[in-house]
Amino acid sequence: MPAPTRRILFVTGEYPPRRGGIADYLVRLRTSLEDTGARTYVATEAVPHDAPVDRVFRIAPRPWCRQIVTVMQLAKRTRSDVVHIQFQAGAFESALQAALMPWALRLKGFRGLVVVTFHDLAEPYVFPRAGPIRRWAVDVLRGWADVCIYVDAYDRARVSSRIPGEWRRSQVIPAGPAIEPPTSLGSRAETRSALGLPADDFLVGFFGFRQAGKGLEALAAAMRSPALTGCGARLALVGAAGPRMSPRRAAAQVQQATFAGVDVLEPGYLEPTDVSRWLRACDVAALPYDEGLSTRRGSFMVAAAHGLPVVTTTPVRPDLLDVRHGEVAFTPVRDPESLSAALVRVRDDPDYRSTLEAGSRAVARRYSWRRIARQTLDAYGG
């Protein structure tokens, strides 16, 4: 007898028309799960009104408790056997409501599975000087869930060191690439020609939101090194300045002192296909995260999916990351000289560049959405 169809209600603060981060992640996860035969629904703050055709429903954050009530009603109406909360404190206008949803669902007799994916370990704003109540709110969310999923193994290890038994009731399922190259994408030379870029420029690409922690200061300093300025290296900043910044503000940020003296290309707001074109045009991706590489980094997954050589920073716990030295080039955190040297090696050593390209393709296979969907279904119990 075939297994019954999974009916999954996702709860999220972000979803299209918002772009990036959890919004793009959830679109890809939904698609991959539905390819397996699952039936999915989305409850989100991000839409102004329900879109029943797409099975997307509005959860207004006000008045207080309205979100909790709406999710309970949707779980019943859609006959969902899984309620899966995508938790990132900053993604919800009222993160405390999201934190209390598993408890409220149990209180009202929901018999299905409650799952929470933690996209980071940030604690939500509750009220001024909330102090330990912020951690308590997340622990309530974690404690009432049946399954906790962490997108980064180091996050799971940190929580497990504080909460006995967390290791046994949790899993690690990384975030896959939000953007993958279309099959029609041409070669690097063809793409550069179409974008009006010189064929022989050494083009370093940075992809993602330009926020604190992305290592942009170290990247700018590396790009100002004589070894790179001497060969006319250019930096392509692909992606918006921040998840809620307009294209005009994104362009203005490039003019700040951080990028002074760097030959910067600023393509502005791009649709996914155009993001792929710009990434294909690059020679290397430079992603010098201040906290080191982790599988929370969707920008890394996108770069790997496009087969780019990746230069990034050494993870805090390399033993917990299934990305090996040689598949990517690791450099120390906040070390512009090492970053510059690694970029120069990619430029000057074709064999090394080919090795890193092969490494990115291997990473992309390891973190494919098909595999992530299978892991997610396994977390639900098969």
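Three bridges join strand S12 (residues 310-313) to S13, and the two run parallel. Strands here are DSSP runs (E, at least two residues), and helices are runs of H or I of at least four residues, both numbered from the N terminus. Within this pair, valine 311 stands opposite alanine 329 in S13. The model is predicted: local features need pLDDT of at least 70, side-chain atom pairs count only at pLDDT 80 or more, and totals for chains, interfaces and linings use all residues. Residues are numbered from 1 along each chain as its sequence is written, and side-chain values use heavy atoms, with hydrogens and water left out.

Strands of a sheet pair through backbone hydrogen bonds, either parallel or antiparallel. Two strands count as paired if DSSP finds at least two bridges between them. S12 and S13 belong to an open sheet of six strands, in the order S10-S9-S8-S11-S12-S13. The pairing in this sheet is parallel. Strand S10 (264-265) and strand S13 (329-331) stand at the edges. Each has a single partner strand, so one side of each is left without a neighbour in the sheet.

A further open sheet holds seven strands. Their order is S3-S2-S1-S4-S5-S6-S7, and the pairing is parallel. The edges are taken by strand S3 (56-58) and strand S7 (170-172). Each edge strand has a single partner, so one of its sides lacks a neighbour in the sheet. From one strand to the next, the twist averages 20°. Six bridges join strand S4 (residues 82-87) to strand S5 (residues 113-118), and these strands run parallel. Valine 83 has valine 114 as its bridge partner in S5.

The bond from proline 16 to proline 17 is cis, with omega near 20°. Proline 17 is found in the loop between strand S1 (7-12) and helix H1 (21-35). The bond from arginine 62 to proline 63 is also cis, with omega near -5°. Proline 63 has its place in the loop between S3 and helix H2 (66-77). Cysteine 65 is found in the loop between S3 and H2 as well. Its phi is near 85°, a positive value in a residue other than glycine.

Two packed helices are described by the angle between their axes and the distance between the axes. Helix H7 (residues 216-223) and helix H12 (residues 336-348) pack at an angle of about 60°, and their axes are 8 Å apart. Axes are lines fitted to C-alpha atoms, for helices over the stretch in contact, and angles run from 0 to 180 degrees between N-to-C directions. H7 and H12 are therefore oblique to each other. Angles under 35 degrees count as roughly parallel, over 145 as roughly antiparallel, 65 to 115 as roughly perpendicular and the rest as oblique.

The structure holds one cavity of 30 Å³ or more. A cavity is a set of points on a 1 Å grid over the protein atoms alone, where a 1.4 Å probe fits but cannot get out; lining residues have an atom within 4 Å of a point. About 30 Å³ of space lies in the largest cavity. Its lining consists of Pro177, Met301, Ala304, Ala305, Val363, Ala364 and Tyr367. Helix H11 (298-305) and helix H13 (350-366) each supply at least two residues of this lining. H11 gives the most, with three residues.

Note on methods
1 Å grid on protein atoms, 1.4 Å probe; cavity = no way out; pocket = protein on both sides within 12 Å on 5 of 7 lines; lining within 4 Å. Points joined across faces, edges and corners; volume = space filled by probe spheres on them.
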